[in-house]
Amino acid sequence: MSVNYATTLNNLAGLYRMNKQFQKAIDTFDAAINVYENCGGDVSPDYLASVYNNKGLVYLDIQKTDQAKAMFLNAKKILEKSGDYKFAMGTTISNLGFAFIIENKASEATPLFEEAKKLFEEVGSGDMAQSCETLLIRLRRM
């Protein structure tokens, strides 16, 4: 078991998701999480957070927003403990925002996209910041 193996599992699970094999994706993301967690300190926190984010996206695909939010919050907690992963944190926070959009909760999604936009701006990711701004314009009209 290694970090590379866990990363391969994460990528494979992403393929299952793309093929709409959602349960296989969830199971494979769980396997990746297990491997990462058993690799100890050799794992970059953004790798583990990535799996939680990706698993959360599966839950969004199948309209299970509570489970999705739990995954995104797990990713956020990992990144908060780990230091300077602003791009990964922006991704995580915007994913959480999408869960609230699906629930038609624009007032809860708006501050998340504002925060994500700031993080993307701080790391020089103008495209991601602009995507957040576009969503914010739409959310404010809701």
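**A walk through the helices**

Let's begin with a pair on one helix: Lys76 and Glu80 sit 4 residues apart in helix α4 (residues 65-82), so about one helical turn separates them. Helices here are DSSP runs of H or I with at least four residues, numbered from the N terminus. An α-helix has 3.6 residues a turn, so residues three or four places apart point the same way.

A quick word on what you're looking at: this is a predicted model, where local features need pLDDT of at least 70 and side-chain atom pairs count only at pLDDT 80 or more, while totals for chains, interfaces and linings use all residues. Residues are numbered from 1 along each chain as its sequence is written, and side-chain values use heavy atoms, with hydrogens and water left out.

Back to our pair. The side chains of Lys76 and Glu80 meet in a salt bridge, at 2.6 Å from N to O. That term stands for a side-chain nitrogen of Lys or Arg within 4 Å of a carboxyl oxygen of Asp or Glu. Side chains of opposite charge can pair when their charged atoms come close. Lys76 is partly exposed at 21% relative accessibility, and Glu80 is partly exposed too, at 49%. (Buried means under 20% relative accessible area, exposed means over 50%, and partly exposed is in between, using a 1.4 Å probe and protein chains only.)

How many salt bridges are there by this rule? The count comes to 10. One of them joins Asp61 and Arg17, again at 2.6 Å from N to O. Asp61 belongs to helix α3 (residues 45-61) and Arg17 to helix α1, so this pair ties together parts that are 44 residues apart in sequence. Another links Glu133 with Lys117 at 2.7 Å, N to O. Here Glu133 is in helix α7 (residues 126-141) and Lys117 in helix α6 (residues 106-122), so the parts tied together are 16 residues apart in sequence. There's also a network of salt bridges, made up of Asp66, Lys69, Glu103 and Lys105.

Now find Asn10 in helix α1 (residues 3-18). Is Asn10 buried or exposed? Asn10 counts as buried, because its relative accessibility is 7%. Its side chain makes a polar contact with the side chain of Asn54, at 3.0 Å. (A polar contact is a pair of N or O atoms within 3.5 Å; within protein, one must be able to donate a hydrogen and the other to accept it, and residues adjacent in sequence count only if both atoms are side-chain atoms.) Leaving aside neighbours within four places in sequence, Asn10 is also in contact, meaning heavy atoms within 4.5 Å, with residues including Phe29, Ala32 and Val51.

Next comes the inside. Nonpolar side chains tend to be buried together in soluble globular proteins. The largest nonpolar core has 45 residues, and Tyr36, Leu48 and Tyr52 touch the most other members. Such a core is a set of buried Ala, Val, Leu, Ile, Met, Phe, Trp, Tyr and Cys residues joined through side-chain atoms within 4.5 Å. Helix α3 gives the largest share, 8 residues. Not counting residues up to four places away in sequence, Tyr52 touches residues including Ile33, Met71 and Ile78.

Finish at helix α5, whose buried residues include Met89, Ile93, Leu96 and Phe100. Among the elements covering the buried residues of α5 are α3, α4 and α6. Just after α5, Asn104 takes a positive phi of about 60°.

Methods
Helix = DSSP H or I, 4+ residues; strand = E, 2+ residues; numbered from the N terminus.
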